[in-house]
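Biologist: I'd like to learn how to read the contact between two chains. Could you walk me through it?

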Protein chains: 2
Amino acid sequence: MVDWPVASVSNPLGSSSILLVCEHASHFIPPEYSGLSMAEQDLVSPAAWDPGALMVARRLSFKLDAVLIEATVSRLIYDCNRPPESSDAIRAQSELYEIPGNANISAEEHLSRVRTVHDPFHAAVDDALTKHIKNNGESSILISIHSFMPVYFGKHREAELGFLHGEGSTLAKAACDIATDEGRYRCRMNEPYSSADGVLYLIDRHGSTRGVPSLMLEISNALIASPVQAAQMGDYLASLLSRVPNDAEYVSAQ
Amino acid sequence: MVDWPVASVSNPLGSSSILLVCEHASHFIPPEYSGLSMAEQDLVSPAAWDPGALMVARRLSFKLDAVLIEATVSRLIYDCNRPPESSDAIRAQSELYEIPGNANISAEEHLSRVRTVHDPFHAAVDDALTKHIKNNGESSILISIHSFMPVYFGKHREAELGFLHGEGSTLAKAACDIATDEGRYRCRMNEPYSSADGVLYLIDRHGSTRGVPSLMLEISNALIASPVQAAQMGDYLASLLSRVPNDAEYVSAQ
């Protein structure tokens with residue numbers, strides 16, 4: 001059971017038609033879990049959070065004047081981008097990292113984490129999006145910000161920026177096309193993950209079901225290792241998103 | 001100029017009649033300020049933030065189911081518990097810590113920090129309190145959470161828990177009396193600071209002006225150095241506050 005708040009809203013008065021979410025913002029493991037018996041250095045590894053993603057998301061939140069919802073508990077306790085029934089929601093192994101405290105947990109503990117992390121986090125997103133749609137109507141857009149390991153299971157990943165989508169591809173394609181033309185980063189659609197990997201839970205649950213155009217941005221964490229780099233990436237993405245036509249055509253094109 | 005969000009709201013759907021604020025929650029110095037040219041170790045010192053305060057505030061937020069507004073930028077950039085005209089709002093020296101990047105800043109830079117930190121932070125508090133009063137009416141209570149150095153300028157401070165108040169003292173006295181009777185900590189009214197030190201800006205600006213009973217809690221940072229200790233203190237304060245009569249008598253007693 002997690003006796004801590006699990007969601008925080010940055011820039012709560014933001015006026016942008018874009019609503020940002022960062023599910024893997026935090027590596028905080030409640031002290032009650034004793035670091036899930038992990039090795040000290042693994043507690044701040046990409047297994048625990050998406051390094052750099054929160055900094056990028058906050059900078060983007062400022063530049064776009066967008067509301068940003070952040071998770072405030074590590075994905076190792078419960079991965080808020082996975083549904084309760086997913087075997088990846090609470091992992092005992094993540095890439096090369098072992099998470100002993102998650103091995104063989106009881107159904108009761110699983111359910112308690114669903115109730116104390118998944119449920120209130122998604123209630124906060126749902127509430128924020130409801131208010132957002134009330135203010136922005138059909139122009140509301142949902143974007144989640146993630147970072148990924150440039151080398152995964154020893155294999156180098158080609159993408160630097162990934163544009164992932166669920167039901168509607170118009171927004172992701174438009175952003176990826178502009179970024180690709182610009183040539184600053186190696187851009188790919190649905191890399192290094194796609195819907196086949198079950199990573200679209202957040203945007204599917206909140207965006208697709210409401211007909212809100214949605215996009216999941218994946219950034220190589222090598223590009224955002226320092227606050228300066230994260231700020232630069234935030235500035236770049238703010239500029240990119242401001243050049244993507246922001247109107248109802250995404251809704252109808254869904 | 002601070003190109004980052006400066007306020008974040010944890011547990012945004014909290015139902016408690018208490019609204020929590022943590023002005024010194026963060027030691028984040030935007031990379032644009034190059035650490036204000038401070039020594040590396042000073043950037044996470046009590047000059048930069050109130051160590052442990054955010055952990056206590058978040059635990060308290062969970063236990064009370066209270067909305068919590070956190071500053072997300074270091075007090076060294078701008079101290080959100082000080083008015084723009086205060087000489088303590090942007091310090092070039094804090095206790096024994098030197099802040100070279102704040103020495104001799106221009107009036108323009110001062111104003112820019114007021115506009116990009118002070119103003120949006122207080123707008124976020126104002127908005128949250130307005131919504132809170134709308135939901136709770138006369139039972140709304142404002143509490144800010146701080147930590148202090150047990151040794152200051154070489155002098156040992158006697159207090160472990162300080163209960164500070166502005167115009168109305170009823171709430172602070174009631175909480176201090178219960179905690180004193182209990183005997184777990186050395187409790188003091190208006191220590192280690194009081195209104196004479198100009199530290200009540202937040203509760204005066206938002207609480208007293210609206211007739212909302214307010215309290216500033218100061219906790220010795222030696223008691224909340226680890227997450228486990230901070231959680232225990234949060235639990236203690238949640239229990240304490242739940243035993244303080246929470247009704248309109250505070251309003252009338254103001």
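Modeller: Gladly! Two residues are in contact if their C-beta atoms, placed from the backbone, lie within 7 Å. This is a predicted model, where local features need pLDDT of at least 70, side-chain atom pairs count only at pLDDT 80 or more, and totals for chains, interfaces and linings use all residues. Residues are numbered from 1 along each chain as its sequence is written, while chains are lettered from A and ligands numbered from 1 in the order in which they are written.

Biologist: How many residues does the contact take from chain A and from chain B?

Modeller: Chain A gives 23 residues and chain B gives 23 residues. On chain A, at least two residues each come from strand S1 (7-10), helix H1 (53-64), helix H2 (107-136) and helix H5 (227-243). Helices (H or I, at least four residues) and strands (E, at least two) are DSSP runs, numbered from the N terminus.

Biologist: In which sense do S1(A) and strand S1 of chain B pair?

Modeller: Strands pair if DSSP finds at least two bridges between them. S1(A) and S1(B), residues 7-10 of chain B, pair in the antiparallel sense over 3 bridges. Ser10(A) stands opposite Ser8(B) there.

Biologist: And which residues of helix H3 of chain B meet helix H5 of chain B?

Modeller: Ala175(B), Ile178(B) and Ala179(B) in H3(B) do, and their partners in H5(B) are Leu240(B), Leu241(B) and Arg243(B).
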